[in-house]
Amino acid sequence: MSSEITTQSIAQFREATATSQNAVVRRAVTKNGINNASYNQEVVNANVPTFAIDLDTGKVANQKQSGRCWMFAALNTMRHDMKDMFHLSDEFQLSQSYTFFWDKFEKANYFYENILNTANEPLDSRRVAFLLATPQQDGGQWDMIVAIIDKYGVVPQSAYPESQASSASKEFNTTFNTLLRHDAVILRELVANHAGEQEIANTRQKMLANVYRVLSITFGEPPVKFDFEYRDESQNFHIERDLTPQTYFDKFVGWDLSNYVSIINAPTDDKPFNATYNVDMLGNVVGGREVKHLNVTIDKMKSLAIAQLKAGQSVWFGVDMGPQVDRDNGLMADGVFATDSLFDIDSTMTKAQRLDYGESLMTHAMVLTGVDFDENGQPTKWKVENSWGEKAGKKGYFTMSDEWMSEYAYQVVVKKEFLGADLVDIYDNATPKLLAPWDPMGALA
């Protein structure tokens with residue numbers, strides 16, 4: 001039987017489509033677009049932004065035209081604690097540009113490391129092609145921001161403010177990735193020509209000097225020492241002098257970052273629950289904290305997030321921020337756009353199928369700051385602090401239905417104390433399975 005599309009089959013399709021109902025739908029869609037024509041007000045009405053647990057986290061931040069959501073989410077969770085401890089104003093922020101600078105610097109070195117490790121593989125090998133497709137990008141994972149803070153500390157935004165390129169990074173990334181690919185040519189040629197280890201190391205140091213200069217010119221020279229001046233909510237003046245980024249973190253954040261771990265929900269056959277996973281060639285700091293995930297059921301992931309919220313601490317989490325998201329009204333809810341009903345089709349897939357078939361992966365990180373429950377104590381909706389500024393959602397906050405969380409949330413970061421002894425033992429002592437670089441659990445938010 002021929003697989004060719006014939007004029008006869010097209011005529012049959014046209015005839016089947018020529019109904020009065022389709023004509024009405026066609027007029028609605030062509031005038032208003034798919035999302036507006038399929039907008040489901042009943043789903044909106046079922047997700048009123050009122051929550052049983054609702055942490056006061058102040059004003060939202062704005063990552064602008066950059067892919068730093070993972071940094072913003074991490075630094076926001078720390079800022080929330082700082083706000084409570086030191087009575088800082090809602091305007092206070094930690095410098096996302098500072099961690100951005102050092103992440104770019106370390107990612108360049110991490111790229112060089114992977115290029116050298118794969119230098120004997122052909123250019124068309126999948127691993128080398130994966131590296132060269134995007135030498136570095138803005139995105140990252142929780143463990144990657146921990147690696148940066150462990151090495152470089154943090155600073156307030158007043159000590160290292162935003163630059164044009166940190167707020168709109170596309171132009172820089174284009175320039176930077178060209179430089180890194182150029183350097184990859186040189187490093188691979190050195191290996192091909194059997195250069196000695198010292199020659200390769202010297203060449204790499206020169207490359208890193210170039211990288212540092214480019215970053216310093218683009219983003220500004222990061223501070224080594226600084227004074228921290230601030231007024232608290234009562235307008236009392238405070239000043240701390242001669243701080244380093246490390247001493248600032250110790251005094252004003254004070255978290256033991258080794259106690260915060262990545263919990264994922266990936267219900268695919270290749271990733272059994274209650275086991276840990278690393279991702280090949282994923283990271284930023286050579287010799288720093290590696291990315292490690294503990295995979296659990298979605299119900300367990302939710303219960304861990306709820307436990308931390310009940311303890312008064314917000315939760316870093318990662319989602320696929322594409323499907324069923326009403327950005328203007330700040331709603332993440334399955335069915336808010338009833339597209340299947342609009343077209344009379346069935347495009348449903350399970351969460352595992354979406355992961356396996358490339359339909360979904362983690363694309364964005366935000367912060368859980370609240371949750372609501374039904375009469376049986378089960379979560380019904382969640383309050384989410386985004387980093388898209390106050391114009392998105394409800395002054396920057398979103399409401400996420402519990403059903404949407406089940407389908408599109410992939411990661412939370414919680415303290416070990418909420419895991420229980422069995423899961424802590426698995427996280428600390430089990431040998432992680434190494435996933436391929438392109439595995440969806442290696443996606444960067």
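**Helices, strands and cores**

Author: Start with Y212, which is found in helix α11. Helices here are DSSP runs of H or I with at least four residues, strands are E runs of at least two, and both are numbered from the N terminus. This is a predicted model, where local features need pLDDT of at least 70, side-chain atom pairs count only at pLDDT 80 or more, and totals for chains, interfaces and linings use all residues. Residues are numbered from 1 along each chain as its sequence is written, and side-chain values use heavy atoms, with hydrogens and water left out.

Reader: What does Y212 touch?

Author: Leaving out residues up to four places away in sequence, Y212 touches F101, W102, F105, E221 and P222. Contact means heavy atoms within 4.5 Å.

Reader: Switching to helix packing. At what angle do α6 and α10 pack?

Author: About 30 degrees, with the axes of α6 and α10 (residues 170–192) 10 Å apart. That makes α6 roughly parallel to α10. Axes are lines fitted to C-alpha atoms, for helices over the stretch in contact, and angles run from 0 to 180 degrees between N-to-C directions. Under 35 degrees counts as roughly parallel, over 145 as roughly antiparallel, 65 to 115 as roughly perpendicular, and the rest as oblique.

Reader: Is that crossing left-handed or right-handed?

Author: The crossing of α6 and α10 is right-handed.

Reader: How do α6 and α8 cross?

Author: At roughly 100 degrees, with the axes of α6 and α8 (residues 142–152) coming within 10 Å. That makes α6 roughly perpendicular to α8. The contact involves residues of α6 including Y98, W102 and F105, and residues of α8 including M144, I148 and Y152.

Reader: Now the core. Which residues touch the most other members of the largest one?

Author: M78, W142 and Y248, out of 77 residues in the largest nonpolar core. The largest share of this core, nine residues, comes from helix α6 (residues 96–117). Apart from it lies another core of 38 residues, among them I306, F398, M405 and A409. A nonpolar core is a set of buried Ala, Val, Leu, Ile, Met, Phe, Trp, Tyr and Cys residues joined through side-chain atoms within 4.5 Å.

Reader: What does W142 touch?

Author: Beyond residues up to four places away in sequence, its contacts include A74, M78, W255, Y260 and W316.

Reader: On to the strands. How many residues of β10 are buried?

Author: Nine of its 10 residues, 364–373, so the strand is mostly covered.

Reader: What does β10 pair with, β7 for instance?

Author: β7 (residues 315–319) and β10 pair in the antiparallel sense over five bridges. W316 stands opposite V367 in β10. Six bridges join β10 to β11 (residues 379–385), also running antiparallel. There, V367 stands opposite E385. Two bridges join β1 (residues 53–54) to β10, again antiparallel. Two strands pair if DSSP finds at least two bridges between them.

Reader: Where does H80 sit?

Author: H80 is in helix α5, residues 69–86. H80 is buried, because its relative accessible area is 6%. Neighbours within four places in sequence aside, H80 is in contact with T57, S314, V367, T369 and E385.

Reader: Last one: what is the phi of Q235?

Author: Positive, about 70 degrees, although Q235 is not a glycine. Q235 lies in the loop between β2 (226–231) and β3 (237–243).

Technical notes:
Buried means under 20% relative accessible area, exposed over 50%, partly exposed in between (1.4 Å probe, protein chains only). A crossing is left-handed if the near helix is turned anticlockwise from the far one by less than a right angle, and right-handed if clockwise.
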